[in-house]
Amino acid sequence: MSGPGPFVSVIVPCRNEFSFIGGCLDSILTSDYPGPLEVIVADGMSSDGTRELLQSRASRDPRVRVIDNPERATPSAMNCAIAASRGEVILRFDAHAAMPADYLRRCVQLLLGSGADNAGGSIRTRAQTRGLFAETVAAALSSRFGVGNSSFRTLSAGGPRRADTVFGGCWRREIFSRIGSFNEKLSRGQDMEFNLRLRRSGGVILLDPSIVCDYYARTDLGSFWRHNFRNGEWAIRPFALSDIVPVRPRHLVPAVFVAALAMSFVLPFPWSIAVASAYGAANFAASIHEAWAARKAKYLLLMPLVFASLHVAYGLGSLWGCIRCCFPISGLGMPKHASRTES
């Protein structure tokens with residue numbers, strides 16, 4: 001980028017992220033972006049010391065501003081932060097992520113140089129904590145067998161290309177006047193729904209896989225299961241809360257798989273084991289591939305369980321989402337303080 005860049009506002013939804021928000025802010029504030037910059041953190045009324053840490057950072061660096069997000073949900077956080085921002089370009093970043101020094105500059109260059117409406121990069125999935133399954137969970141979330149054709153998760157090389165969504169994307173401010181804000185009815189999936197509206201309006205989303213940041217994912221098996229179940233639920237519930245088809249086909253595959261697996265149990269042999277056998281073979285083949293790529297024999301034992309946890313939990317969540325759509329149950333479902341979305 002030659003010369004000063006446009007004023008950029010980085011917006012960060014955040015709630016109870018004491019362990020990660022400091023590193024996230026450090027990575028943004030030490031970027032090599034050559035223009036004016038502000039970071040607006042929309043805090044969902046954190047109670048773990050995050051708020052005090054944010055206020056301390058804001059008092060020492062005028063580029064950091066902290067605003068309230070009383071709704072404690074991601075789309076309301078982003079809408080509040082966008083309304084409070086002053087930048088010509090707005091970039092959304094995650095409190096569980098850290099960007100390299102050139103990330104911000106390269107995203108803005110891609111946006112302005114290409115004429116795209118949303119431009120961003122890919123992620124390198126890291127484990128939040130150490131543990132038996134930490135490495136294998138991170139590997140599953142970067143695998144095409146694990147997450148399908150989610151390009152920003154599985155690609156890390158090659159030139160810019162069109163995509164259905166990106167991580168850490170940036171937009172010109174005017175895009176929100178043209179297609180509206182994030183859908184606050186969606187506790188998850190709001191990024192995908194917004195990008196689908198953008199594309200339906202004729203907008204272009206560009207992914208440059210060589211622009212890579214680190215994303216720290218839940219990696220203990222219990223949290224991983226619960227997170228995937230909730231993501232699966234919110235792959236379906238947006239159908240009742242949005243005017244457009246709010247997901248991509250890859251988000252529906254786990255529900256079809258789990259439904260087919262359940263139905264197979266009532267069929268006579270050998271059809272009763274056909275679905276499980278086919279999935280087991282594919283799972284084991286993908287596990288062998290990941291073990292070979294990582295040169296780690298333990299993957300052969302752990303990856304099949306991790307892949308199954310990802311797909312079955314997501315599929316069960318989607319079936320529960322179908323029930324929730326057909327038979328609304330007051331008081332059940334995702335809490336309002338869900339803090340992130342998985343596209």
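For the residue classes used in these legends, Ala, Val, Leu, Ile, Met, Phe, Trp, Tyr, Cys and Pro count as nonpolar, Asp, Glu, Lys and Arg as charged, and the others, Gly among them, as polar.

**View 1. Lining of the largest pocket in the predicted model.** By these classes, the lining of the largest pocket divides into 13 nonpolar, eleven polar and six charged residues. The lining comprises 30 residues in total, and those nearest the centre of the pocket are Gly146, Val147, Pro254, Leu310 and His311. Two or more lining residues come from each of α6 (144-147), β9 (205-217), α10 (221-236), α11 (253-264) and α13 (299-326). The space within this pocket amounts to about 500 Å³.

**View 2. Crossing of α10 and α13.** The axes of these two helices, α10 and α13, come within 6 Å and cross at roughly 40°. Where α10 meets α13, the contact holds 16 nonpolar, seven polar and two charged residues. Both helices also contribute to the lining of the largest pocket, each with two or more residues.

**View 3. Crossing of α12 and α13.** Helix α12 covers residues 274-294, and its axis comes within 8 Å of that of α13. The angle at which the axes of α12 and α13 cross is roughly 130°, which makes α12 oblique to α13.

View 4. The C-alpha trace spans about 70 × 50 × 40 Å along its principal axes. The radius of gyration of the protein chain is 20 Å, which agrees with the value near 20 Å that a compact globule of 343 residues would have.

Notes. Residues numbered from 1 in each chain as written. Predicted model: local features only at pLDDT ≥ 70, side-chain atom pairs only at ≥ 80, totals over all residues. Heavy atoms only, no water. 1 Å grid on protein atoms, 1.4 Å probe; cavity = no way out; pocket = protein on both sides within 12 Å on 5 of 7 lines; lining within 4 Å. Points joined across faces, edges and corners; volume = space filled by probe spheres on them. Helix = DSSP H or I, 4+ residues; strand = E, 2+ residues; numbered from the N terminus. Axes fitted to C-alpha atoms, helices over the stretch in contact; angles between N-to-C directions. Rg over C-alpha atoms; globule rule 2.2 N^0.38 Å. Parallel < 35°, antiparallel > 145°, perpendicular 65-115°, else oblique.
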